[in-house]
Amino acid sequence: MYGDCQVMMSMGGNIVGEPMFPPSNLNFLHNLPYNSPPVFSSLLTKEDNGALKGKEDELDSKSGSGNIDGGVSEEHEDGEQQQRNPKRKRYHRHSVRQIQEMEALFKECPHPDDKQRLKLSQDLGLKPRQVKFWFQNRRTQMKSQQDRADNVILRAENENLKNENVRLHGAIRNITCPACGGPAILGEMSLDEQHLRIENARLKEELERLNGMATRYAGGRPVHGMVQAPQMMVPSLDLDIGMYTRQYHHEQAPPPPFCPPLCHTSDMMVPHSMPEINPLGTVGLLENDKPLAFDLAMAAMAELLKMSQLNEGLWLQSGGEGREILNVDEYAKSFQWPINHKQELSGWRTEGTRSTVTVIMNSITLVDAFLDANKWMEMFPSIVSKARTVQVITAGLASHGSGSLQLMYAEFQFFTPLVPTREVYFLRYCQQTADGGWVIVDFPVDGISENLQLPLSRYRRRPSGCVIKDMPNGYSRVTWVEHSEVDDKPIHPMFNQIVESGEAFGAQRWATVLQRQCERLASLMAENISDRDLGAFSVMTTLEARRSLMRLAQRMMRIFCINMSGSGGQSWTTLTGGPEDTVRITTRKNTEVGQPIGLILCAITTTWLPVPPHQVFDLLRDDRRRTELDVLSSGSASNEVAHIANGTHTGNCISLYRVNTGGNTPQNVELMLQESCTDPSASLVIYAPIDISSVQMAVTSEDHSYVPLLPSGFIITPRRQPNDPKHAYNGNGISSSNNRGDGCLMTVGVQMLASSNPTANLNFSAVPAINNHLCNAVNQIRAALLAPRDQ
């Protein structure tokens, strides 16, 4: 190194390196005479030298006003330097206190007016112009940082688009005819025809997969009705909707639309169902709408962060329950949404709640679940009945999705058809914060674009979501804020209190369900398990069999929650029509795999019990008392052959019961799959009959969707005694009582296969039978709970 330096010095060169001191400590350099190097002096004219000198003086004069890093004030510097260089301007270094005060005001108001600048300059002993210059420089610095961050996101998005373009070009080059297997000729095909051929290939693969599933379910016998697909009828091009661009003469038969021009065939397959049509059409947000959407995303994220941190005044405690309710008046003073909603809010009610939990899942995995609609539904099976991503406005960074913005649709449900579902379109934004945390915020899409025609909704999602912070050992701390405006349909009096207090769709329910589901996923991926978890049953001998049974139970839970709510506009019928009647009955015709094929009859009822929720939950999952409840055992004894714990609470588990009936044989064993789970918002006990062959197929195959399940079960929801004035709620949904455990609502839901023929009509004799079944179940549970304990 030293040799290099000596060589360069001998050559007359200059050594340029990193400064050993920060720029703020290089003031002594101004006292040294400046001499341009000979080479540079020879290249610069007098005018250039004068301009350079003037530029240097200008920069020196402004360096003090732009300093935001702190330093020592030099107001009392002696006049020796001024005497040496009288043309040099004095400048001011801000003290640490001055910078802190200006930073604090900058966070609240980046653009202070003249009065604010004057007051701040008087407090800090500065000139108003110095304060003005400092704010200008600070805004420029913030803008530069934001531009750099946006640049990184855009570069990553551009790289993703390039990769996707290469992949699509490769896929088009490798396309083969799905009917004959020959190479496709794309030269004479339009882009729409190419897309149709790709879609036809996908449908063919789906049909083959369903045929394989049906063959396995039929015990190895092929299902000929599905293998032989009918010949496809060529649609009339005159009635086409513009998908095909070619025109054919009537006397000339056109080629099949999904086959290349030189590969004609008539053995085409008809898809069983058309893809779901987006209610918004194919429009979504246009390019000129996206800047406004991003601005609203920034405003929604800032609002959510502030709502998750503020405590005094904005949030009110609900009695002794630890629940936090939004103070609507204080919120209106502190926050204002940039866009005024056109829809009239007369009669709408505001719900705002907050809850904080610790979950056993890292932040990256949580963010991935929120950005994928299917994973989001799996994470909240009892809340999210439907969800889909309508439009990906930006995918964010490829590694973790920071900066992602999506237009989404969702339907939220409760455990009963007596509470209407809530459908909503909203925008979801994901951003990683400077401290490594994450923000997932949902905000309304109303008013962003005139081109976006939304269906009329009774529910609007205000800035809501969660703030995620990583904790040691793979845990995360999640602060959930749920804020919405709703125009409730008529709700049954039995559930008025739960809905209006925010317990039905509030932050506490979202957070506790998330906490329980994270524990369930941790149990699913666990490697160290007990012998009891594997069980004594012959098919439950491996870790993979255990996981398959857990996935099957998860699907059972989701089927029950959807079928027992008002999801999808399902119509329920009351038996008597009285105001106190909570029995509801409905039928549906099922032709899809995963549930029994035929006409299914569903019935549900809710009753209030004067006992704490945990007593009802313990009774329903007590193996020793199952025979007391015909709804669980049908009068037959049963024993547990497999047990899987999937949470810290002993009640969170999956069990497989063997029902001891006289008709049991080694080849025909009647089993009962049951999952029980509990959290502060609700407790569930869900069960479904299943035969041994279905269990064997489920645990030995990765795809268990073809195993038919028809679950029934119980939902226990905490609730105070109805019509008790001392437990009334005020306007903010705050309870005036601290008593929590004086009762609960028990909902009983039953499903049965009324006919194996989907086109059959319901035999009305089945209605009184299922009604009696519900009444007997409720009476047996009530009698078992209220019986003397010494018996």
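Tutor: Happy to! Let us call a residue buried when its relative accessible area is under 20%, exposed when over 50%, and partly exposed in between (1.4 Å probe, protein chains only). The model is predicted, so to speak of local features we need pLDDT of at least 70, and of side-chain atom pairs pLDDT 80 or more, while totals for chains, interfaces and linings use all residues. Residues are numbered from 1 along each chain as its sequence is written, and side-chain values use heavy atoms, without hydrogens or water.

The structure holds 23 salt bridges (a side-chain nitrogen of Lys or Arg within 4 Å of a carboxyl oxygen of Asp or Glu). Let us start with Asp442 and Arg428, whose side chains meet in one of them at 2.8 Å, N to O. Asp442 belongs to strand β7 (residues 438–444) and Arg428 to strand β6 (residues 422–432), so this contact ties together parts that are 14 residues apart in sequence. Strands here are DSSP runs of E, at least two residues, numbered from the N terminus, as are helices (H or I, at least four). Both Asp442 and Arg428 are buried.

Now move to Glu482 and Arg461, which form a salt bridge at 2.2 Å, N to O. Here distant parts of the chain are linked: Glu482 sits in strand β10 and Arg461 in strand β8 (residues 459–461), 21 residues apart. Glu482 is buried, and Arg461 is buried as well.

Next comes Arg462, whose salt-bridge partner is Glu485; the closest N and O atoms of this pair are 2.9 Å apart.

Now put the pairs together. Through salt bridges that share partners, Arg428, Asp442, Arg461 and Glu482 are joined into one network.

Tyr475 is placed in the loop between β9 (464–470) and β10 (476–486).
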